[in-house]
Amino acid sequence: MVEPVGNHYIVARPVYSENLFNEEHEKLHRYHKNFWDHLKIYFRCSPQRVKKIALRLFPIISWLPAYRFREWILSDIVSGINTGLVAVLQGLAFALLVNVPPSYGLYAAFFPILVYFIFGTSRHISVGPFPVLSLMVGGAVIRLVPDDNAGNGTSTNISAINEERVMVAASVTFLSGVFQLLLGILQFGFIVIYLSQSLISGFTTAAAIHVLVSQLKFMLQLPVPGFNKPFGIIYTLESVFSQITKTNIADLVTSLVVLLIVFVVKEVNDRYKAKLPTPIPIELLMTVLAALISYFVNFEEKFNVAVVGKLEEGFQAPVAPDVGVFQKCIGDSISIAIVGFAVAFSVAKVYSIKHDYPVDSNQELIAFGLGNIVGGSFKGFASSTALSRSGVQESTGGKTQIAGIISAVIVLIVILAIGFLLAPLQKSVLASLALGNLKGMLMQFKEIGILWRKDKYDCVIWVVTFLAAIFLGLDIGLATAVAFQLLTVVIRSQFPSCTVLANVGRSNIYRNRKDYTDIYEPEGVKIFRCSSPIFFANIEFFREKLISAVGFSPLRVLRKRNKALRKIRKMLKKGELQVTPKGLICMVNHTHESDEELDNNRIEELDQPTNMTDLPIQINWGADLPPGITVPRVDIHSIVLDFSSVSFLDFSATRVLQKTLKEFVRINIDIYIAGAHEGFLDKLERCAFFDEEIKPSMFFLTIHDAVLHILLKKDIASSPKLKPTEVTLQFLSSLL
C-alpha cells in the first residue's frame with residue numbers, strides 16, 4: 001500500500017525475498033522466441049509483409065504521394081539550385097583528392113543522388129562526394145597507381161595513368177557499395193554505434209589535416225608523389241618543403257586570396273545566418289570570377305599555372321569493376337563503407353530529430369550501397385554527404401529529396417552543356433575551395449578541452465584516434481581507433497566501480513558511505529555494490545574488491561579455523577585441553593607448533609567447511625581460544641551484494657562467484673544478493689549455481705528488504721542505534 005503525504009510517501013508491505021515475492025504474486029509464463037522462431041518470422045510471406053517490405057525498401061512510395069506540391073515545390077527548387085551549384089564545385093575540388101581528372105567528380109555528384117532519391121530515408125542530406133572519403137579512395141589509387149609510373153611525363157602516359165586511376169577509384173567505390181549493401185540486407189545498421197562521437201570527431205579532424213597536406217601540391221604546383229603508407233604525411237611534407245623553392249607564385253597567391261575570401265564570407269554566413277535569406281554562394285562566385293580572370297589574363301601561358309582543362313562532355317558507358325583491384329583493396333573498401341555510412345547517418349540523424357521524422361539505418365546502408373555501386377559503374381568515386389552541402393540544402397528551405405533531384409539536374413547541365421566554361425579554372429582554386437570546406441572539421445580541436453573536463457576516456461579516444469589516423473593513415477588509423485575504443489570499454493568494465501553502501505537518512509535509500517554524514521550501517525553488515533556486468537575478465541577484480549571491503553580473506557580465515565580445530569583435537573586427545581563450563585582450559589604450557597608442520601597437511605581438507613560434531617563443545621571463534629591457537633577475528637555476520645547494476649553474469653564468472661560465496665558461508669557469514677534483474681536466477685539455476693550451501697533464498701528484491709531481514713534475524717531490539725519502535729517502522733518500510 002502506498003499513501004502520499006505531501007511530498008513524502010509511506011509504503012507498507014512485507015519484507016520480500018525473491019522466493020516469497022514469487023509465491024505471493026503469480027508470474028506470467030511468457031514464451032521467448034528462439035532463433036528459429038525469428039527466422040520463420042523473417043521469411044514469412046503474406047500480403048501485409050510484402051507491402052511492409054516494399055514500403056521499407058522503397059521509401060519514395062511513402063513520402064512522394066504525400067508531397068505538398070504547392071507548399072514545398074518552390075522551397076525545394078531554390079534549395080536544389082543552391083545545393084547543385086555547391087555540388088558541382090565540390091565534385092570538381094574533391095576529385096583532386098582522389099587523384100583523378102576533375103570531371104569524374106561530377107559523376108560522383110550526380111548518380112548517387114538519383115539512387116538515394118528512390119531508396120534513401122533522409123529528406124535533408126545532400127548525397128555526393130565527401131572530402132574524407134575522397135581522400136581514402138585517393139589513398140588506394142596512389143598505392144596501386146603511383147606517380148612514378150608516369151615515365152617521361154608525356155601526354156600519352158599521363159592519359160593512360162589517369163584512365164588506370166579512374167578504374168581503380170571506380171572499383172574501390174563499387175566494392176565499398178557491395179559491402180554497404182550486404183550490411184544493409186543483413187540488418188547490420190547497428191554497426192554505427194561502435195563509432196562513438198569522439199572517434200568520428202578525431203578521425204574527421206585527422207582527415208582534414210590529410211586533406212590540407214594533400215592539397216599543398218596543387219596550391220604550390222609542386223610534383224609531390226603520393227605516399228599511402230604509415231607516416232606518409234611526414235614523407236609528403238618532406239617532399240613539399242624540399243621543393244619549396246620551385247613554388248609557382250601565381251598559384252600560391254591565387255590560393256591564399258581565394259582561401260582568405262572564402263573563410264571570411266563563410267564566417268559572415270555563420271554569424272548572420274538568421275538575417276540572410278540564403279547563404280552567400282561564395283564558392284560559386286569565386287569559381288566564376290577566378291575562371292574569368294584566368295581566361296582573359298591567360299594565366300596558363302603567362303604564369304604556367306595548372307588548369308582544369310577540357311572536361312569530358314556527356315556520360316561514359318558503364319564499366320565492370322576490375323576484380324584484380326578488389327583483391328588489393330578489401331580493407332580500403334570496408335573502411336570507406338563504414339566511414340561513409342557513419343558520417344552520413346550521423347548527419348541524417350541530426351536532421352531527422354530536428355524535423356521529427358524517422359530514418360532507418362539498414363535502409364540507409366542499402367541506399368548508399370546501391371548509390372556507390374551505380375556511381376562506381378559510371379566511373380564515379382565514393383559518396384556520402386558533405387556537412388556543408390547538406391547544411392545548404394536544409395538552410396535554404398529544402399523539404400524533401402526533390403531538392404536533391406533539382407541539384408542533380410544542375411550537375412547534369414554542367415556535364416552536358418556548360419562544363420567547357422570551367423576549362424581555364426586553376427586547380428589551385430579548386431584546392432582552396434576544398435580547404436574552405438574544412439573549417440568545421442578543423443574547429444573540432446576545441447573539443448579536446450571540453451572532453452577532458454567532461455569525460456577523460458572520451459578525450460583519450462579522440463587524441464588516440466587523431467594521432468593514429470594522422471601517422472598510420474586513414475585506413476589503418478580507423479582500425480586502430482576502433483580497437484582502442486573497444487579496449488577502453490573492456491578496461492572500464494574490467495575495473496568497475498565497487499563501493500560500500502550505507503543507509504542514508506534512516507530510509508530505504510542506500511548510497512556510498514564516503515559521500516554522506518547522516519548514515520547508518522547495521523552492526524556486522526556490509527553492503528557491497530558492483531556497478532558493472534560481471535564476466536571472466538573482471539571477476540577476479542570483483543573478488544579482490546569484495547575481500548578488501550570486508551577487511552579479510554574468507555579462505556584464509558577458513559584455513560586458520562580448520563588448522564585450529566586440528567590442534568584442538570590433537571590437544572584433547574593428549575589431555576592437554578580440558579572441557580569446563582567456561583570453555584576449554586589448557587592444562588600444560590603449550591609450545592607453538594610451526595606453520596610449516598601444519599602446511600604439510602593436505603590443503604584441500606583445509607578448504608572444507610568446519611566440522612565440530614566430534615568435539616564435546618562448540619567453538620566460539622569470537623571468544624578467547626587456548627594459548628598457541630590464533631584465528632583471525634571476524635566481526636561481520638552478513639554481506640549484502642547489490643546486483644542492481646549487474647546486467648549479466650557469464651559462466652566463468654559464475655564458477656568463481658560460487659566459490660567465493662561458499663568461502664564466506666563456510667565461516668558462518670550469511671550472503672544476500674539484492675536487486676538482481678529478471679532472469680538472473682533462472683540463468684544461475686541452469687549453470688548449477690545452487691547447492692546445499694548456496695541457496696535461492698539468499699536473493700531479495702531490494703537492499704532494504706535484505707537489511708530488514710538481517711535485522712529481524714539477528715534481533716537488534718537492544719541495539720543503541722535503533723529503538724524497538726524504530727525497528728517496527730523499518731519492517732513496515734515506512735518512509736517518513
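**Overall dimensions, domain assignment and selected loop residues**

In this predicted model, Gln444 touches Ser201, Thr204, Thr205 and Trp462, when residues up to four places away in sequence are left out of account. One of these neighbours, Thr204, is also joined to Gln444 by a polar contact between the two side chains, with a distance of 3.0 Å. Gln444 is placed in the loop that runs between helix 22 (439-442) and helix 23 (447-454).

Most residues other than glycine have a negative phi. Against this background, Asp356, which is not a glycine, has a positive phi of about 60 degrees. The residue Asp356 belongs to the loop between helix 17 (330-355) and helix 18 (361-377), and Asp356 is classed as exposed because its relative accessibility is 69%, a value over the 50% limit. A positive phi is likewise found for Asn668, again a residue other than glycine, with a value near 65 degrees. In this case the loop connects helix 30 (651-665) and strand 12 (670-674), and Asn668 is exposed, given a relative accessible area of 53%.

At the level of the whole chain, the secondary structure comprises 33 helices and 13 strands. The domain assignment divides parts of the chain into domain 1 (81-146 + 161-441), domain 2 (498-552 + 635-734) and domain 3 (560-589 + 603-633). The C-alpha centres of domain 1 and domain 2 are separated by 58 Å.

The overall dimensions of the chain were considered next. The C-alpha trace extends over about 120 × 60 × 50 Å along its principal axes, and the radius of gyration of the chain is 36 Å, whereas a value near 27 Å would apply to a compact globule of 736 residues. Of the 736 residues, 49% count as buried. The accessible surface of the chain amounts to about 36,500 Å², and carbon and sulfur atoms contribute 61% of this area. With regard to contacts between residues at least 6 apart in sequence, 80% join residues that are at least 24 apart.

Methods: Residues numbered from 1 in each chain as written. Predicted model: local features only at pLDDT ≥ 70, side-chain atom pairs only at ≥ 80, totals over all residues. Heavy atoms only, no water. Helix = DSSP H or I, 4+ residues; strand = E, 2+ residues; numbered from the N terminus. Polar contact = N/O pair within 3.5 Å; in protein donor to acceptor, adjacent residues only side chain to side chain. Contact = heavy atoms within 4.5 Å. Domains from an automatic or database assignment. Buried < 20%, exposed > 50% of the residue type's maximum accessible area, 1.4 Å probe, protein only. Rg over C-alpha atoms; globule rule 2.2 N^0.38 Å. Areas by Shrake-Rupley, 256 points an atom, 1.4 Å probe, with all protein chains shown as cover.
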